[in-house]
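Look at how the two chains meet. We start with one term, then one residue, then widen the view.

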Amino acid sequence: MDIEKRKQLTALMKTRLNRPMRYYLDLCTRCGLCYDTCHVYQGIPKKEYSPVGRAEVVRRIYKKYFRPSGRLIPSWGDAKVIDDNSMNELLEATFSCTGCRRCMVHCPFGIDTQHLMSMAKVLLIGNETAPEELVMLADSSVEKGKSIDEFKDGYREVIRDLEKEVAKHLGVTETDGLIPMEKKGADILFVGLAGAHSIVHPAVIFNKAKANWSLSFFEAVNFGAFLGDPEKMQFIANRVVNEAKALGVKEVVIVECGTAYRIPKFLIGPLPFKVSSIVEVIHRYIREGKIKVKEKSIADALTYHDPCQLGRNGGVYEEPREILNMLATDYREMTPNREFNWCCGGGGGLQALDNEQFRIKSSKPKRDQIVATGAKIVVSACENCISQLDTIKAGYGLDVSVKSLTELVVENLA
Amino acid sequence: MWDSIYFFIMVPMVYIAFATLVIGIAFKFTIIFISPTIKGTIAVFPKGSVPKLCAVRDSFFMPSAFMKDKPFWVVIIAFHAAFLLLIIGHLELIREFAVIQVIPHEVFLGAGWVGIVLIVTTIYFLFRRFKTPWREISVPEDFIILLLLFLTFIFGSHMSLASRYGIAGFDIQVSEYREYLSSLFTTSPHVSRGILASPHYVIVALHVFFANLFMMMFPFSKMIHSVFMFAAQFIKRK
């Protein structure tokens, strides 16, 4: 690596030294209380996969360029120069971390490893060694945002087909208007994903509840966040924000996708509308009597996996539990759960990378949790988690079925 | 020559160390203050009903450490509680504080236990780092700081215990320390006769030397966690 590149990366690093980052870089005493709180470390017990191990990779570079001790006596804190080796270490540390932030709950200083990894991701982007898959996916989302008019007609055609499926679920013949789009004055803008089920099931619920809603032209997933590019993340999020503003909606409802929920809800500052997860909306509709479910209609033992971005990082803990307790006769909690729940190992954009064996090994704590419940159905409320739970099921040969909460509700509508 | 070295340690170096400590912390605060804040929140849930109070509780009682490793938590709490008493004890070596004497006690407070607790807990922290996995995550700074603390505590503890219990003919009394330390604070610095004349002067000088190093390192090492802990905990709750 040449000196110019090093200078460029150091300058890039400086731009990301915000207040929390400075705290997290300076505070750690390496007490090691976090070391085994990461599911990856549990599955693959290597120092590099412990939260402190990951953080140290970033911290050592920081010390080298931003601390007097790192400049004068690098060995004092194991300060490291930016070179190809340290960039490889950053790559391994960052894209083995799902950003679940379980370690943050256990850290006596509350250090956010995901935030530290955002520094690593920025450096990898600057070095042009960020995973190509994520770069392409983020760029494609940005491109769609720039030229949405070219996509609209094709997308409307797809949606017309999906309306037929919605009609089947509702038992009606008229399909027109079952999935409204560009509806000015709608109360809700719903943001789905690329998969048909992510639109059909919520559409059934909105229609049952007679909601005044509109479907977004964009998918909720934010590959800019997974990639760790703050500008792209903001641009991708703004696509929906601008659409919501143009339609004048009161609420943006995000499909079952933890990161897609967390970004507009907590990470991009105040917005002129409410942001909710589809889980919260389903819970609200049931509570208000707008939709009815067949109570205690599921006899098989059922458990719930808290998606990290929805639960620990989003605060949605009780709504899914209340819904599932209503539906199932034998609801069983995983141990630990809520803020202490183990990550499934599929977040942080890891699903988009070629790493299935790694994800299976690193999800051992989740496998153990599922097995311990003895449940036959594992429910979650995040597309990433559901896909990863399917990988765990196949990888460990578990005799369970994996369901999305919205799907389960639709199957059990009264 | 040794007299000059001792004097340097006991007077100019103390001022240098104290100035480094104060300016270093002020510098760190300035850096933090001019750093940009973030949009939104990176809190984890549940935030707690009163986030600031929860952050105070998390900072002082470290419930996450209690949940994870109870013996380690006991050691952490014992160390930090003893360290707090150590600071109070040193304030009383500068002058009398009626408010601290609400519970009447002999100076130095703790009857020697403060030093013993600090030594034992520091040894625990040090030896813990020799074990896997803590050995792998440790860097030289971790060992050096613990060694520095150990040396500071061992000499300080010796001074306190030997003076209180008349061990090894230790002849430096509290009044001598008070004369010396208060002279530093009134900017008329001198080392009291009792200290200068004592054959144990070297023990005092070594204690002050290591304490000076501690103060100089404090703002630029991981020890700064004691200053910024609440802020980080509040981010977790905000």
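Predicted model: local features only at pLDDT ≥ 70, side-chain atom pairs only at ≥ 80, totals over all residues.

A polar contact is a pair of N or O atoms within 3.5 Å; within protein, one must be able to donate a hydrogen and the other to accept it. A polar atom of its side chain lies 2.8 Å from the backbone oxygen of B:K222.

B:H225 sits in helix α12 of chain B. Its relative accessibility is 15%. The cut-off for buried is under 20%, so B:H225 counts as buried. Set aside the neighbours within four places in sequence, and B:H225 is in contact with B:H80 and with A:L27, A:T29 and A:F109.

Now take the interface as a whole. Chain B brings 48 residues to the contact and chain A brings 53 residues. Together the chains bury about 4,400 Å², with 64% of it on carbon and sulfur atoms. On the chain B side, B:F45, B:K68 and B:I137 lose the most area to chain A, together 15% of what that side buries.

Polar links cross the interface too. There are 22 residue pairs in polar contact between chain B and chain A, both residues at pLDDT 80 or more. Five helices of chain B each supply at least two residues to the side that touches chain A: α2 (12-34), α4 (63-68), α7 (134-137), α8 (140-165) and α12 (225-237). Helix α12 of chain B gives the most, with eight residues. By type, this side of chain B divides into 29 nonpolar, seven polar and 12 charged residues.

Four salt bridges are found across the interface of chain B and chain A. In one salt bridge, the side chains of B:E141 and A:R30 meet at 3.5 Å, N to O.

Note on methods. Residues numbered from 1 in each chain as written. Chains lettered and ligands numbered in written order. Heavy atoms only, no water. Contact = heavy atoms within 4.5 Å. Buried area = accessible area lost by both parts, 1.4 Å probe. Helix = DSSP H or I, 4+ residues; strand = E, 2+ residues; numbered from the N terminus. Nonpolar A, V, L, I, M, F, W, Y, C, P; charged D, E, K, R; others polar. Buried < 20%, exposed > 50% of the residue type's maximum accessible area, 1.4 Å probe, protein only.
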